[in-house]
Amino acid sequence: MSETTPKISPEEHIDAEVKEATAGDAAAEHPAIEEKESAACADKPSTAADVESEAVIGDCAGTSGAPAEPEEVGEGAGTPAPEPSMAWHRFLTGFYLYLAAAYHLLQGVWMFRGGQYFAAEIRDRVYEGLPGMRMLDWGLALAAAVAALLCIAAAIQLRRRRSAGPKLLRAAYLLLIAGQLAFAAGRYFIAGLTPLSVATVGPLLYYLALLLVNGSYYRRRRSAFARRS
């Protein structure tokens, strides 16, 4: 018994050829599609619009395509520097400068009256034998009185945070230092007394220390005072 070959109609034969051609075309086009997708993944967008429009970046890289978050800034970055302490300023303006003004005013009155000679008889003898000592004592008394007024004015201006405050305080101490130097030199030239006595060197060093300390203190706090007098 001989085998018979199944008969294929012309229509079935045409359909088979069309299916084979379609499958071949798809197989030929599939590598091109993969190649295009790879090229799209390789191209990185250069602008913010490209990031929004080309969602394929996130699909290819496995991420959402969102821009990286900025790094966190440390806690100390951007924090303003702490304001310097004003405790010494409050002590000066609330107590010390008024006490110093009272002391210098009393010192001026005491020097003017010759209280440094402890007795009126000694004072009169000194002034009779050395007339220049009277003018020297009165000059120091006047410097002390003016320094007292400067201390009060400085306290008021410093309390109001005016730039004239530190200047007035510096002027008071410069006047006191100049008065002590002139008094020491005058005592030497008029009476032959040594200028290196405790009565002259002690106050001179004290006023110089206050001048340097307060000057440095208010220079570091210059921004806390207004530029008007």
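In α4, A87, W88, H89, L92, Y96, Y103, H104 and Q107 meet Y206, Y207, L210, N214, Y217 and Y218 of α8, where contact means heavy atoms within 4.5 Å. The model is predicted: local features need pLDDT of at least 70 and side-chain atom pairs count only at pLDDT 80 or more, while totals for chains, interfaces and linings use all residues. Residues are numbered from 1 along each chain as its sequence is written, and side-chain values use heavy atoms, with hydrogens and water left out.

**Exercise 1.** Determine how α4 is oriented relative to α8.

*Solution.* 
- Step 1. The axes of α4 and α8 come within 14 Å and cross at roughly 150°; axes are lines fitted to C-alpha atoms, for helices over the stretch in contact, and angles run from 0 to 180 degrees between N-to-C directions.
- Step 2. α4 is therefore roughly antiparallel to α8. Angles over 145 degrees count as roughly antiparallel, under 35 as roughly parallel, 65 to 115 as roughly perpendicular and the rest as oblique.
- Step 3. The crossing of α4 and α8 is left-handed, that is, the near helix is turned anticlockwise from the far one by less than a right angle.
- Step 4. The residues of this contact of α4 with α8 comprise 10 nonpolar, 4 polar and no charged. Ala, Val, Leu, Ile, Met, Phe, Trp, Tyr, Cys and Pro count as nonpolar, Asp, Glu, Lys and Arg as charged, and the others, Gly among them, as polar.

**Exercise 2.** Describe how α7 packs against α8 and against α4.

*Solution.* 
- Step 1. α7 and α8 pack at about 160°, with their axes 9 Å apart; these two helices are therefore roughly antiparallel to each other.
- Step 2. The α7 side of the contact includes L176, Q180, F183 and R187, and the α8 side includes A199, Y207 and Y218. The residues of the contact of α7 with α8 divide into 17 nonpolar, 3 polar and 2 charged.
- Step 3. For α4 and α7, the angle is about 30° and the axes lie 13 Å apart, so these helices are roughly parallel to each other.
- Step 4. In the contact of α4 with α7, L92, Y96, L97, H104, Q107 and M111 of α4 face L169, Y173, L176, Q180 and F183 of α7. This contact has 8 nonpolar, 3 polar and no charged residues.

**Exercise 3.** Which residues line the largest cavity?

*Solution.* 
- Step 1. On a 1 Å grid over the protein atoms alone, a cavity is a set of points where a 1.4 Å probe fits but cannot get out, and a pocket is an open set with protein on both sides within 12 Å along at least five of seven lines; lining residues have an atom within 4 Å of a point.
- Step 2. The structure holds 1 cavity of 30 Å³ or more, and about 40 Å³ of space lies in the largest cavity.
- Step 3. Its lining consists of Q107, L140, A144, L176, Q180 and Y207. By class, the lining has 4 nonpolar, 2 polar and no charged residues.

**Exercise 4.** Characterise the largest pocket and the second largest pocket.

*Solution.* 
- Step 1. The largest pocket has a volume of about 360 Å³. Of its 20 lining residues, M111, Q116, F183, R187 and A199 lie nearest its centre.
- Step 2. The lining of the largest pocket has 14 nonpolar, 4 polar and 2 charged residues.
- Step 3. The second largest pocket has a volume of about 260 Å³. Of its 14 lining residues, S163, P166, K167, R170 and Y218 lie nearest its centre.
- Step 4. The lining of the second largest pocket has 6 nonpolar, 3 polar and 5 charged residues.

Conventions: Points joined across faces, edges and corners; volume = space filled by probe spheres on them. Helix = DSSP H or I, 4+ residues; strand = E, 2+ residues; numbered from the N terminus.
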